[in-house]
Amino acid sequence: QVQLEESGGGLVQTGDSLRLSCIFFGQTFANYVMAWFRQAPGNQRELVAVITPGWSTYEEDSVKGRFTISRDHAKKTVYLQMNSLKPEDTAVYYCASKHISTSNYDYWGQGTQVTVSS
């Protein structure tokens, strides 16, 4: 069983930066793809960024160039560095993981709120 614990959200102003962290518990971290999703009020949950065990990354177009996903295998942690934050980045951010052999993200954190004021 995998457990994910997020931290790092908060209230910031437009243009500020935040770094979200997600600690992975329970299985072999190197066997899991890690991702960040977000959900704003009234919107569907959307994929923000993905990182594979081999460090291949994907960032959604609206955050490309501003957000960076990374992982530390020694600390079993995935990060989302968010720079140049905009009000439209306001959402609950969720960490998720899936085994490299599966299609769906089976494990989710509890979410951390990010609020960007204008």
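**Entry 1: a first pairing**

Which residue of β3 is the bridge partner of glutamine 3? I looked along the strand and found that the partner is phenylalanine 25. Before going on I noted that this is a predicted model, in which local features need pLDDT of at least 70 and side-chain atom pairs count only at pLDDT 80 or more, while totals for chains, interfaces and linings use all residues. I also noted that residues are numbered from 1 along each chain as its sequence is written, and that side-chain values use heavy atoms, with hydrogens and water left out.

The strand names I use are DSSP runs, numbered from the N terminus (E, at least two residues, for strands; H or I, at least four, for helices). Strand β1 covers residues 3-7, and five bridges join it to strand β3, residues 18-25, the two running antiparallel. I count two strands as paired if DSSP finds at least two bridges between them.

I then looked at the two faces of β1, and found Leu4 and Glu6 on the covered face, with Gln3, Glu5 and Ser7 on the uncovered one.

**Entry 2: the disulfide**

I searched for disulfides, meaning a pair of cysteine sulfur atoms within 2.5 Å, and the count came to one. Cysteine 22 and cysteine 95 form it, with their sulfur atoms 2.1 Å apart. The pair links distant parts of the chain, since cysteine 22 is in strand β3 and cysteine 95 in strand β9, 73 residues apart. The torsion about the S-S bond is about -80 degrees, so the disulfide is left-handed.

Are these two cysteines buried or exposed? I used the rule that buried means under 20% relative accessible area, exposed over 50%, and partly exposed in between (1.4 Å probe, protein chains only). Cysteine 22 is buried because its relative accessibility is 0%, and cysteine 95 is buried as well, with a relative accessible area of 0%.

**Entry 3: the cores**

Next I looked up the nonpolar cores, each a set of buried Ala, Val, Leu, Ile, Met, Phe, Trp, Tyr and Cys residues joined through side-chain atoms within 4.5 Å. The largest has 26 residues, and those with the most contacts inside it are Met34, Trp36, Leu80, Met82 and Tyr93. Several strands each supply at least two residues of this core, among them β4, β5 and β11, but β3 gives the most, with four residues. Apart from this core lies another, of six residues, including Val33, Phe37, Ala96 and Tyr105.

**Entry 4: the salt bridges**

For salt bridges I took a side-chain nitrogen of Lys or Arg within 4 Å of a carboxyl oxygen of Asp or Glu, and the count came to four. In one of them, glutamate 46 meets arginine 38, with the closest N and O atoms 2.6 Å apart. Glutamate 46 is partly exposed because its relative accessibility is 32%, whereas arginine 38 counts as buried at 6%.

Arginine 38 also forms a salt bridge with aspartate 89, at 3.0 Å from N to O. Aspartate 89 lies in the loop between β8 and β9 and arginine 38 in strand β4, so this pair ties together parts that are 51 residues apart in sequence. Aspartate 89 counts as buried, since its relative accessibility is 1%.

Which other arginine does aspartate 89 hold in a salt bridge? I found arginine 66, with the closest N and O atoms 2.8 Å apart. Arginine 66 lies in the loop between β6 and β7, so the pair ties together parts that are 23 residues apart in sequence. Through shared partners, salt bridges join Arg38, Glu46, Arg66 and Asp89 into one network.
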